[in-house]
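Hi everyone, thanks for coming. Have a look at the structure on the screen, and I'll walk you through a few spots in it.

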Amino acid sequence: MKQIVKRGAAVLAAGVAMAGALAVSSPASAATTTTTCSDSVLISGLTTKACVEVTGTQARFYGTVGAPGIAEPGPGGVITPQRADVEVSGQVVGGLFLGSRRQPVSIWNNTVTVEGVTATAPCGSTVRAEVKLSQGPAGPGGPGFYGPTSVAVDVPVGC
């Protein structure tokens, strides 16, 4: 009986040692993701933010555009959304342009996320997300814009 207990203890100890070795040799946890956004800026009546989401050296650029509050119907009870063309671009500060995307949006009591590009940035660099608004598509669309306006945020890329 003692032999069985000793052998069982030896097998158990070997299993614990193997599990410990596996735990030590397991890969490091995945890179963390950090999201940084600019302050909300009011551009032609629309709250606008530029954001960068960084995971390792991958940077995702996007922006948000929304109404700052509940809009009241216009003359005759007609609800007219604010229309804008939104361009989200990403670049390495002082260097490489990473790309951009443009999307027309229609805002009325909502917030829209406009996707830019996702790109690899050099280790240790700083990237900039920029969101530009300009007059939207033709047709009704609230007050006119006074030319393109933008907001940007700079974010360091770790190694």
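Before the first spot, a term: a polar contact is a pair of N or O atoms within 3.5 Å, where, within protein, one must be able to donate a hydrogen and the other to accept it, and residues adjacent in sequence count only if both atoms are side-chain atoms. Keep in mind that this is a predicted model, where local features need pLDDT of at least 70 and side-chain atom pairs pLDDT 80 or more, while totals for chains, interfaces and linings use all residues. Numbering starts from 1 along each chain as its sequence is written, and side-chain values use heavy atoms, leaving out hydrogens and water.

So, what does the side chain of N110 reach? The backbone nitrogen of W108, at 2.8 Å. N110 is in the loop between strand 6 (97–107) and strand 7 (111–120); strands here are DSSP runs of E, at least two residues. Leaving aside neighbours within four places in sequence, N110 is in contact (heavy atoms within 4.5 Å) with V65, G66 and A67. N110 counts as partly exposed because its relative accessibility is 30%; buried means under 20%, exposed over 50%, and partly exposed in between, with a 1.4 Å probe and protein chains only.

Now the inside. A nonpolar core is a set of buried Ala, Val, Leu, Ile, Met, Phe, Trp, Tyr and Cys residues joined through side-chain atoms within 4.5 Å. The largest one has 28 residues, and V127 is among those that touch the most other members. Strand 8 (126–135) is one of the elements giving two or more residues to this core. Beyond its sequence neighbours within four places, V127 is in contact with residues including V52, F61 and V153.

How values were computed. Helix = DSSP H or I, 4+ residues; strand = E, 2+ residues; numbered from the N terminus.
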